[in-house]
Amino acid sequence: MRNIPSLLYALAIYGFIYLPVAVLVLFSFQESRVPIPPFDGPSLKWYAALMADKRVIDSLLNSIIVAFASSAVSVALGFLGAYALARHKLRFGGFLQGLLTAPLTVSYLIIAMGLLITFNNLGIPKSLLTIGIGHVVINMPLCFAIIFSQMGAHQANMERAARDLGAAEWQVILLVSVPMLWPALFAAFFLSVTFSWDEFIIAFLVSRFDVTLPVEIWSMLRTGLNPKTNAVGSFVFLVSVFVVLAADLILFRKKKS
C-alpha cells in the first residue's frame with residue numbers, strides 16, 4: 001500500500017511526458033482527414049501520402065545531409081579541442097575550456113540572430129551550408145564536453161608509449177587516441193545528429209529555399225493539424241529515439257567494459 005502513491009506519481013509523470021506523443025502517433029494512422037476522436041483506423045494512407053510528397057522528401061534529404069555533415073565536423077573540431085586542452089598545458093586553458101562550452105548556455109534564438117546578422121554582413125546567401133554552420137556552432141561544444149570528459153590518464157600513458165616507440169604525432173592521434181575514444185566519439189556524433197535533426201530556430205532563420213524537415217513541418221502546420229502532419233511528426237520522433245538509443249547503447253557498453 002505504501003508504494004501506491006509512488007506508483008501513481010510515476011504514472012502521472014510518464015503520462016504527462018509520453019501521452020501527447022502517443023496521441024500524435026495514434027492519430028497518424030487515422031483514416032479520415034480530421035485527427036480527432038473517435039479513432040478511425042488504422043490506416044497507412046497518410047504515410048503513403050507523406051512518401052509521395054516531393055517537398056517532404058526533399059526536406060528529409062536536406063535534414064539527413066545537414067545532420068550528418070555538421071555532426072562529423074562538430075566531432076572533429078570537438079576532438080581536436082579536447083585533445084589540445086587535455087594533453088597540453090596551455091596558457092589560459094581553463095578560460096579556453098569555458099569559452100568552448102559557453103554556447104551550451106546561450107539560447108538558440110540568440111545564436112540564430114547572431115548568425116543571420118553575420119551571414120548578411122559577409123554576403124553569404126542562406127542555404128544548407130549556413131544551416132550546417134549554425135548546427136556546428138551549437139553541437140561542437142557538446143561534442144567537446146563529451147570527448148573531453150573521457151580523456152583519462154591511462155590514455156595519455158598509451159599515447160606517451162606510442163611516442164617513445166617512434167610514432168609521429170598524427171599516428172598517435174589516429175592510431176592510438178581515436179580508437180581508444182571511439183565510444184565517446186560515436187556517442188557525440190549520434191547526439192549531434194539528434195539535435196541537428198530536431199533543430200528548428202536556426203534552420204528557419206538562416207535558410208531560404210532549401211529547408212530542413214522541421215521547417216517543412218512548420219510550413220505544413222500553418223494550414224492546421226491533419227493526419228499527414230501527425231505522420232511526419234511521428235517519423236521525426238521515431239528517428240530521434242532510435243539515434244539516442246544507439247548512442248546510449250554504445251556509451252553504456254563502454255562503461256561496462
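**Exercise 1.** Within what distance do the axes of helix α5 (residues 108-122) and α6 come, and at roughly what angle do they cross? Classify the crossing and name the residues in contact.

*Solution.* This is a predicted model, in which local features need pLDDT of at least 70, side-chain atom pairs count only at pLDDT 80 or more, and totals for chains, interfaces and linings use all residues. Residues are numbered from 1 along each chain as its sequence is written, and side-chain values use heavy atoms, with hydrogens and water left out.

Step 1. The two axes come within 11 Å and cross at roughly 135°.

Step 2. Angles under 35 degrees count as roughly parallel, over 145 as roughly antiparallel, 65 to 115 as roughly perpendicular and the rest as oblique; α5 and α6 are therefore oblique to each other.

Step 3. The contact (heavy atoms within 4.5 Å) involves Y108, I111, L115 and F119 of α5 and T130, I133, G134, V137 and I138 of α6.

**Exercise 2.** Describe the aromatic pair of F200 and W218 and locate its two members.

*Solution.* Step 1. Rings of Phe, Tyr and Trp (its six-membered ring) pair if their centres lie within 6.5 Å; planes under 30 degrees apart count as stacked, over 60 as edge-to-face and the rest as tilted. The structure holds 9 aromatic pairs. F200 and W218 form a tilted one, with 6.3 Å centre to centre and 40° between the planes.

Step 2. F200 lies in the loop between α9 (182-198) and α10 (201-205), and W218 in helix α11 (residues 213-221), so the pair ties together parts that are 18 residues apart in sequence.

Key:
Helix = DSSP H or I, 4+ residues; strand = E, 2+ residues; numbered from the N terminus. Axes fitted to C-alpha atoms, helices over the stretch in contact; angles between N-to-C directions.
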